[in-house]
Amino acid sequence: MTQLARPEGLIVPPGGGNTIRTPAQQVTFKVTGEHSRVSSSFEVIVPPGFDVGAHRHVRSEELFYVLDGELDVLAFEPRVRTDDWRHWESESGLTAVRATPGTVIVVPPGCPHAFANRTGQPVKMFFQASPPSDHERYFEELLDILKDGGSPDPEAIAGLRVRYDIEQLTPLRHEP
């Protein structure tokens, strides 16, 4: 008689996971689609001067948890979209906020969102995307584009984002 394999969980120790580093961002893959049907999880180091740009996803839901440092963030549809998301305001009066350690940002599908590190220190955050796999491949390709530092190629970023359920609303920027 064949015995069924018993399910096993995944334990990722501190410092564990596959890490991709560039001058513009560092991402450590903690849980991937190989391990979860529900979500992918990452530890992200956001350097000073990095602005992901306002964007939204049709399918993906995201969760951000600031572990160390401070980020400017937003998660709402603005009354009027401009080139600088930091000045957006929602119908209910929401504006961008400074997220400090312990802040959680939950972004449902379709909701515009952004984060930027406007401080002089790196920021560490936990990031979770559901469903899994898209963000894993997206991060690999994004970090390949950003690996040389300097200003990212807007056309390369735009093409990448279209392939991975990302509608870019304001530009991604990295100004070290």
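Biologist: Is Ser60 buried or exposed here?

Modeller: This is a predicted model, and in it Ser60 counts as buried because its relative accessibility is 3%. The cut-off for buried is under 20%.

Biologist: Okay, and where does Ser60 lie?

Modeller: You'll find Ser60 in the loop that runs between strand E5 (55-56) and strand E6 (61-68).

Biologist: Which residues is Ser60 in contact with, leaving aside its neighbours within four places in sequence?

Modeller: Those are Val107, Pro108, Pro109, Ser130, Pro131, His135 and Asp165.

Biologist: Let's take Ser130 and Pro131. Is the peptide bond between them cis or trans?

Modeller: Going from Ser130 to Pro131, the bond is cis, and omega is near 0°. Pro131 itself sits in the loop between strand E11 (123-130) and helix H1 (134-146).

Biologist: Is Asp165 buried or exposed?

Modeller: Buried, since the relative accessible area of Asp165 is 9%.

Biologist: Switching to the surface: which residues form the nonpolar patch?

Modeller: Tyr65, Leu67, Val104 and Val106 make it up, and together they have about 320 Å² of accessible area.

Biologist: Which strands supply those residues?

Modeller: E6 and strand E9 (104-107) each give at least two residues to the nonpolar patch. Tyr65, for one, lies in E6.

Key. Residues numbered from 1 in each chain as written. Predicted model: local features only at pLDDT ≥ 70, side-chain atom pairs only at ≥ 80, totals over all residues. Heavy atoms only, no water. Helix = DSSP H or I, 4+ residues; strand = E, 2+ residues; numbered from the N terminus. Buried < 20%, exposed > 50% of the residue type's maximum accessible area, 1.4 Å probe, protein only. Contact = heavy atoms within 4.5 Å. Patch = residues over 30% accessible without salt bridge, like charges linked within 9 Å, V, L, I, M, F, W, Y side chains within 5 Å. Areas by Shrake-Rupley, 256 points an atom, 1.4 Å probe, with all protein chains shown as cover. Salt bridge = Lys/Arg side-chain N within 4 Å of Asp/Glu carboxyl O.
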